[in-house]
Every structure is written in C-alpha cells, then in structure tokens.
Amino acid sequence: MQAVTQNRLDLFAEMEAKYEKKDTAYFVNLLTHPDFVIRTRATCILVDFGGEDKVPHVARVLKNDTNELVRHEAAFSLGQMCLSSCIPPLADATLNDPSLFVRHEAAIALGVIGSKDAKAILEKALNDPETPVVESAVVALSNIEFMEKLSKNEKFAKLTGG
C-alpha cells in the first residue's frame with residue numbers, strides 16, 4: 001500500500017507540471033491509467049481545462065470506466081461543464097448505468113445543466129427501481145423548471161424595462 005501511495009504522489013507531482021502546461025494529451029492518456037485515483041484526477045483536470053473538445057473523453061470515461069466512483073466523477077464533471085453536448089452521455093448514464101450511484105449523479109448533472117432537452121430522460125428516470133435515482137430525477141426536474149421560470153422572468157423584465 002505504501003508503494004502505491006508513493007507512486008501516486010510521484011505521479012501527482014508530474015501531473016502538476018503537466019497541468020501548468022495545459023497538456024491535454026497527457027491527461028487524456030491518464031484516463032486509462034490502472035489507478036482509479038489517477039483516472040479520477042485526470043477527469044477533473046480535463047474538465048477544469050474546459051472546452052467542448054474534452055466532452056468526448058469524459059463521456060468515454062462515464063460510459064466505459066470499470067470503477068463506479070470514476071464514472072460518478074465523470075457524470076459530476078460533465079454537469080459542471082454545462083454544455084448541451086454533455087446531455088447525451090448523461091442521459092445514457094441516467095437510464096443505463098449499472099450503478100445507482102452513477103445514475104443518481106448523472107440525473108443531478110442533467111438538472112445542473114438545466115436544459116429542457118433533458119426533461120424526457122429525467123421523466124423516464126422517475127421509474128428507476130432505486131429511490132435515490134428517482135429522488136435525484138425529481139430534484140433535477142425541479143431545477144430545470146426553476147431555471148425555465150427564471151429565464152421567462154428575465155425576458156419579461158427586459159420587455160417591461162424592469
């Protein structure tokens with residue numbers, strides 16, 4: 001265990017240097033590293049770099065990683081990106097991931113994005129056999145509804161000069 005921790009710390013130091021250089025290819029390569037902690041950090045860092053070009057890489061992690069914690073982090077990260085291109089991989093995870101932990105986070109992430117395009121998926125998730133996933137879909141749908149009302153109110157305020 002101590003050797004794993006030391007190797008991880010050594011790699012974190014290398015990752016820090018690559019982060020400073022915004023070395024996307026380096027972090028994409030780490031998405032298949034055998035250590036789930038490294039894969040999780042690489043996922044977060046890619047999202048931190050930002051940009052639509054990172055979505056396919058993080059979506060692949062969400063779809064294919066063997067560790068549910070890493071997939072959970074990918075779902076969370078896609079939600080934080082707030083891009084419409086994140087909706088399809090999150091929709092798939094919400095409805096199909098074997099882990100309720102990941103389905104829950106993917107549903108929440110759809111709500112964070114706040115797009116009405118996610119409503120139909122979240123309505124299907126209301127039938128999930130696991131209560132936490134259903135509750136997450138309810139929260140996400142409520143968030144989308146709130147954002148729609150807020151948007152309408154802003155448009156009204158602009159129309160009325162208020």
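At what angle do helix α1 and helix α3 pack, and how far apart are their axes?

Modeller: This is a predicted model, in which local features need pLDDT of at least 70, side-chain atom pairs count only at pLDDT 80 or more, and totals for chains, interfaces and linings use all residues. Residues are numbered from 1 along each chain as its sequence is written, and side-chain values use heavy atoms, with hydrogens and water left out.

Helix α1 (residues 2-20) packs against helix α3 (residues 36-49) at about 15 degrees, and their axes are 11 Å apart. Helices here are DSSP runs of H or I with at least four residues, numbered from the N terminus; axes are lines fitted to C-alpha atoms over the stretch in contact, and angles run from 0 to 180 degrees between N-to-C directions. The two helices are therefore roughly parallel, a term for angles under 35 degrees. Their crossing is right-handed, meaning that the near helix is turned clockwise from the far one by less than a right angle.

On the α1 side, Arg8, Leu11, Phe12, Met15 and Tyr19 meet Val37, Ile38, Arg41, Ala42, Ile45, Asp48 and Phe49 of α3, where contact means heavy atoms within 4.5 Å. The residues of this contact comprise nine nonpolar, no polar and three charged; Ala, Val, Leu, Ile, Met, Phe, Trp, Tyr, Cys and Pro count as nonpolar, Asp, Glu, Lys and Arg as charged, and the others, Gly among them, as polar.

Tyr19 and Phe49 also belong to one aromatic cluster with Tyr26 and Phe27, rings being paired if their centres lie within 6.5 Å. The Tyr26 and Phe27 residues are both buried, that is, under 20% relative accessible area with a 1.4 Å probe, protein chains only.

Note on methods
Angles under 35 degrees count as roughly parallel, over 145 as roughly antiparallel, 65 to 115 as roughly perpendicular and the rest as oblique. Buried means under 20% relative accessible area, exposed over 50%, partly exposed in between (1.4 Å probe, protein chains only). Rings of Phe, Tyr and Trp (its six-membered ring) pair if their centres lie within 6.5 Å; planes under 30 degrees apart count as stacked, over 60 as edge-to-face and the rest as tilted.
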